[in-house]
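Reader: I would like to learn how to read a structural model feature by feature, with the general idea given before each case. Could we take the features in turn?

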Amino acid sequence: MVYVIAYLKAHAGKGDDVVARATPLIEATRNEEGCISYDLYRKPAEPDALVFVETWKSRAALDAHFAEPHLKAFQAAMADLLVEARVEVVHPEKVEVV
């Protein structure tokens with residue numbers, strides 16, 4: 001499995017706009033081959049700070065997601081709404097604590 005954490009910081013007061021535009025993305029992505037989970041969260045104390053938490057069956061499935069038209073449309077729609085965005089891809093190598 002591959003995990004993705006994507007942090008989005010919207011311009012002040014634009015968090016609701018990001019959520020509205022994310023709804024079709026979330027629906028389409030959850031139907032993609034290889035998508036295990038795809039959820040959007042909002043930080044309670046910061047309504048313009050959002051976090052996508054994703055789980056994919058493989059890196060190939062994630063790479064296919066990056067090429068999907070619904071993701072590209074969402075990214076284009078975010079151009080004027082976001083102050084910053086950061087995506088972290090985490091591969092399944094667990095750290096063993098002894």
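Reader: Which element gives the most to the lining of the largest pocket?

Author: This is a predicted model, in which local features need pLDDT of at least 70 and side-chain atom pairs count only at pLDDT 80 or more, while totals for chains, interfaces and linings use all residues. Residues are numbered from 1 along each chain as its sequence is written, and side-chain values use heavy atoms, with hydrogens and water left out. Rolling a probe the size of a water molecule over the atoms shows where empty space is left. On a 1 Å grid over the protein atoms alone, a pocket is an open set of points where a 1.4 Å probe fits, with protein on both sides within 12 Å along at least five of seven lines, and lining residues have an atom within 4 Å of a point. Here α3 gives the most to the lining of the largest pocket, with four residues; helices (H or I, at least four residues) and strands (E, at least two) are DSSP runs, numbered from the N terminus.

Reader: How many residues line the largest pocket, and which lie nearest its centre?

Author: The lining has 16 residues, and Ala6, Leu71, Phe74, Gln75 and Val87 lie nearest the centre. At least two lining residues come from each of β1, β3, α2, α3 and β4. The space in this pocket is about 240 Å³, where grid points are joined across faces, edges and corners, and a volume is the space filled by probe spheres set on the points.

Reader: How should I read a helix, and where does the kink in α1 lie?

Author: An α-helix has 3.6 residues a turn, so residues three or four places apart point the same way. Helix α1 (residues 15-30) has 16 residues and reaches 22 Å from its first C-alpha to its last, close to the 22 Å expected, the expected span being 1.5 Å times one less than the number of residues. The kink, of about 35°, lies at Ala22, shortly before the proline Pro24; the bend at a residue is the angle between axes fitted to the seven residues ending there and the seven starting there.

Reader: Which residues of α1 are buried, and what covers them?

Author: Buried means under 20% relative accessible area, exposed over 50%, and partly exposed in between (1.4 Å probe, protein chains only). In α1 the buried residues are Gly15, Val18, Ala22, Leu25, Ile26 and Thr29. Their cover includes β1 (2-10), β2 (35-43), β3 (46-56), α2 (59-66), α3 (69-78) and β4 (82-90). Arg30, also found in helix α1, counts as partly exposed at 45% relative accessibility. Not counting residues up to four places away in sequence, Arg30 touches Cys35, Tyr38 and Asp39, contact meaning heavy atoms within 4.5 Å.

Reader: How many aromatic pairs are there, and what does the geometry say about them?

Author: Rings of Phe, Tyr and Trp (its six-membered ring) pair if their centres lie within 6.5 Å, and planes under 30 degrees apart count as stacked, over 60 as edge-to-face and the rest as tilted. By this rule the count is three aromatic pairs. In one of them, the rings of Tyr38 and Phe52 have centres 5.2 Å apart and planes at 45°, so the pair is tilted. Because Tyr38 lies in strand β2 and Phe52 in strand β3, the pair ties together parts that are 14 residues apart in sequence. Tyr38 counts as buried at 3% relative accessibility, and Phe52 is likewise buried at 3%. The rings of Tyr38 and Trp56 have centres 6.4 Å apart and planes at 75°, so this pair is edge-to-face. It links Tyr38 in strand β2 with Trp56 in strand β3, 18 residues apart, and Trp56 counts as buried at 0% relative accessibility. Tyr38, Phe52, Trp56 and Phe74 form one aromatic cluster.

Reader: Where is His11, and which residues does it touch?

Author: His11 sits in the loop between β1 and α1 and is partly exposed, with a relative accessible area of 36%. Not counting residues up to four places away in sequence, His11 touches Asp48, Asp80, Leu81, Leu82 and Val83.
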